[in-house]
Amino acid sequence: SGQVVRYPGSVVVLGDVNPGAEIIAEGNVMVWGRLRGMVHAGSKGNRAAVICALDLSPTQLRIADEVSGALKPRETPRPERARINDSGKMQTEFWSGG
């Protein structure tokens, strides 16, 4: 926590992103752990960017210009993905290998 990562491409984190940490990427963000900090994917306007995590319970998610507030932690976390849907709104969905 307390760290800020800015990158002009996609970011993969092997571990947790704790509250107080921020990841800002022009591409996608994938967290192989718990996402409890703030993530901004598609920071330069890439609305096709996605955010994936094994446990998605961030303080804030952003994709391009869409913003979502904190998500409640799930009792039994499952991998999830956040993306901008066809109607232009951010949505989260369970993520599987298909």
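This section describes charged contacts, an aromatic ring contact and surface features in a predicted model.

The structure contains five salt bridges. In one of them, aspartate 55 pairs with arginine 34, and their closest N and O atoms are 3.5 Å apart. Aspartate 55 is buried, with a relative accessible area of 11%, whereas arginine 34 is partly exposed, at 41%.

Another salt bridge connects aspartate 65 and arginine 47, with a distance of 2.4 Å between the closest N and O atoms. Aspartate 65 is located in the loop between β7 (60-63) and β8 (66-68), and arginine 47 in the loop between β5 (38-41) and β6, so the contact ties together parts that lie 18 residues apart in sequence. Aspartate 65 counts as exposed because its relative accessibility is 58%, above the 50% cut-off. Arginine 47 has a relative accessibility of 35% and counts as partly exposed. Both residues also belong to a network of salt bridges that links Arg47, Asp65 and Glu66.

A further salt bridge is formed by arginine 83 and glutamate 93, whose closest N and O atoms are 3.0 Å apart. This pair likewise links distant parts of the chain, with arginine 83 in strand β9 (residues 80-84), glutamate 93 in strand β10 (residues 90-94), and 10 residues separating them. Arginine 83 is partly exposed, at 24% relative accessibility. Glutamate 93 has a relative accessible area of 19% and is therefore buried, since the limit for a buried residue is under 20%.

Contacts of aromatic rings were also examined. The structure holds zero aromatic pairs. A charged side chain does, however, lie over a ring: arginine 78 is placed over the face of phenylalanine 94, at 3.8 Å from the ring centre.

Leucine 14 is exposed, with 75% relative accessible area.

Proline 8 occupies the loop between β1 (4-7) and β2. Its relative accessible area is 59%, so proline 8 is classed as exposed. The C-alpha atoms of proline 8 and glycine 42 are separated by 9.4 Å, although the two residues are 34 residues apart along the chain.

Key:
Residues are numbered from 1 along each chain as its sequence is written. This is a predicted model: local features need pLDDT of at least 70, side-chain atom pairs count only at pLDDT 80 or more; totals for chains, interfaces and linings use all residues. Side-chain values use heavy atoms; hydrogens and water are left out. Buried means under 20% relative accessible area, exposed over 50%, partly exposed in between (1.4 Å probe, protein chains only). Helices (H or I, at least four residues) and strands (E, at least two) are DSSP runs, numbered from the N terminus. Rings of Phe, Tyr and Trp (its six-membered ring) pair if their centres lie within 6.5 Å; planes under 30 degrees apart count as stacked, over 60 as edge-to-face and the rest as tilted. A charge sits over a ring if NZ of Lys or CZ of Arg is within 6 Å of the ring centre and within 35 degrees of the ring normal. A salt bridge is a side-chain nitrogen of Lys or Arg within 4 Å of a carboxyl oxygen of Asp or Glu.
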